Amino acid sequence: MAQIIQAVRGMNDILPPESFLWQYAERLIRTVIQSYGYQEIRVPVVEKTELFKRSIGEVTDIVEKEMYTFLDRNQETLTLRPELTAGTVRAGIEHGLLYNQIQRLWYMGPCFRHERPQKGRYRQFYQVGAEAFGLEGPDIDAEIISLTASLLEKLGIRQLAKLQINSIGTTDCRKEYRKLLVNYLKAHKSELDEDSVHRMVKNPMRVLDSKNPEMKHIIANAPKLLDHLDEISVKHFEKLQEYLNHAGIQFEVNPCLVRGLDYYTRTVFEWVTDHLGAQGTLCAGGRYDNLVEQLGGKATPALGFAMGMERVILLMQEENAGRIPERLHAYVITDSEGAFVAGLKLANYLRGKIPSIRVTMHCGGGNLKAQFKKADKSGAGYAIIIGEHELKTHSVSLKNLREELPQQTLYQDELAEYLKLKTKK
Ligand code: ATP
Ligand code: MG
């Protein structure tokens, strides 16, 4: 036998029945996001590497260690997207969606990062997110956060997560703070890990984002940016908290929250959970007022969030949330060439009349008894039988496979009416 080829490490197959749960979650998410008036954008999976370097920042985990970058056949440097904000902003600028206007966009799709695979952390994973452009006040921050709260609520997992918020001010006020932070870090240099020493020089704020548990106490005692914010950032942050309180959205201020990407300004937030081991962040986002300009557009305030679908699904499984049975409604069995052809037509007729129906034809031959067994095993609610008699009388027989009831003979229209009632959710 030929050798088996396995999937790439850290890249998952999503198999049935789990794929039902994905579909269920995706449907819910679409409905919730669109109920806030956001419109979907779909951007390519591959972008020019430069886009991610310039937006996410050179001295970040993603750009330094995690990107899937390759030369294509034209010797152009391309990268599989590690997130979707950069592509969304690129597309927004390229197509004039962001120029002097307000835009609310959302997306869902696969992202790629070369990380060490473990529960909740993969090399291909799915993100869903939203971005709002052209609004600078804390009102839209509150709207976006409230959208994330609704998502978690509807997915049935909000009770497993806590909202943390912080403000990291503007680039200007970070300059002053940076000096303080570097002084502090220098004083503790012997306790810093290798990554942090490197970051202390190139991008000291990144040290605060370290995942190394041994760095925790150093981070906790570091000077807080929150104490050095400019006045407008302070007001912005206070107003956001006021709005969240009015909306009944509980939160805690975490002065150590900085986020791992360079483009953030002012508001940053995360929904964190202690149900996923080391992978504590379920959903993360913030304001990035400089990014559009940084990518060549006109200066445009913006903010957004992204949520990891695998982590959502893991939590939903833990809560047993949204497990709707998606079994077949009907399984058609036939005992001749002619009956099979009639069955094909009938199944299509039913699919046309009842769009939500799931009906499968028996294929692969065998006598009626063997087909009945397959029908039963398929999990279908009903077997639809077309034999010689039914073919002659243009009728079908219907057998309930889950309850002891007598078999009925029905005409095509009657069958459709009957199944319509039975397939109503
Ligand atoms: P983490 O702290 O877990 O590394 P991050 O700060 O790198 O996350 P973001 O870039 O903000 O994450 O991505 C937003 C969300 O996408 C995360 O909160 C998480 O739910 C999800 N995510 C990020 N990286 C992965 C991954 N490798 N596998 C699965 N989900 C991921
Ligand atoms: Mg990460």
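I count a salt bridge when a side-chain nitrogen of Lys or Arg is within 4 Å of a carboxyl oxygen of Asp or Glu. With that cut-off, D61, K65, D195 and R199 come out linked in a network of salt bridges.

Housekeeping before I go on: this is a predicted model, where local features need pLDDT of at least 70 and side-chain atom pairs count only at pLDDT 80 or more, while totals for chains, interfaces and linings use all residues. Residues are numbered from 1 along each chain as its sequence is written, chains are lettered from A and ligands numbered from 1 in the order in which they are written, and side-chain values use heavy atoms, with hydrogens and water left out.

**Salt bridges**

How many salt bridges does the whole structure have? My search found 19.

I looked at E76 and K48, whose closest N and O atoms are 3.9 Å apart. E76 sits in the loop between β3 (68–71) and β4 (77–80) and K48 in strand β2 (residues 46–48), so this bridge ties together parts 28 residues apart in sequence. For helices (H or I, at least four residues) and strands (E, at least two) I use DSSP runs, numbered from the N terminus.

For accessibility, I call a residue buried under 20% relative accessible area, exposed over 50% and partly exposed in between (1.4 Å probe, protein chains only). E76 is partly exposed at 31%, and K48 is exposed at 52%.

Next I checked D376 and R402, which form a salt bridge at 3.2 Å, N to O. D376 is in helix α13 (residues 368–377) and R402 in the loop between β15 (395–400) and β16 (408–411), so the pair joins parts 26 residues apart in sequence. D376 is partly exposed at 39%, and R402 is partly exposed at 36%.

**Cysteines**

I searched for disulfides (cysteine sulfur atoms within 2.5 Å of each other) and got zero. For C173, the closest cysteine sulfur belongs to C256 and is 16 Å away, too far for a bond. C173 is buried at 10%; C363 is exposed at 56%.

Is A25 buried or exposed? I get 0% relative accessibility for A25, so buried. A25 lies in helix α1 (residues 18–35). Leaving out residues up to four places away in sequence, A25 touches L155, M309, I313 and M316, a contact being heavy atoms within 4.5 Å.

Last entry: I have domain 1 (18–170 + 230–319) and domain 2 (330–422), with bounds from an automatic or database domain assignment. Their centres, taken over C-alpha atoms, are 47 Å apart.
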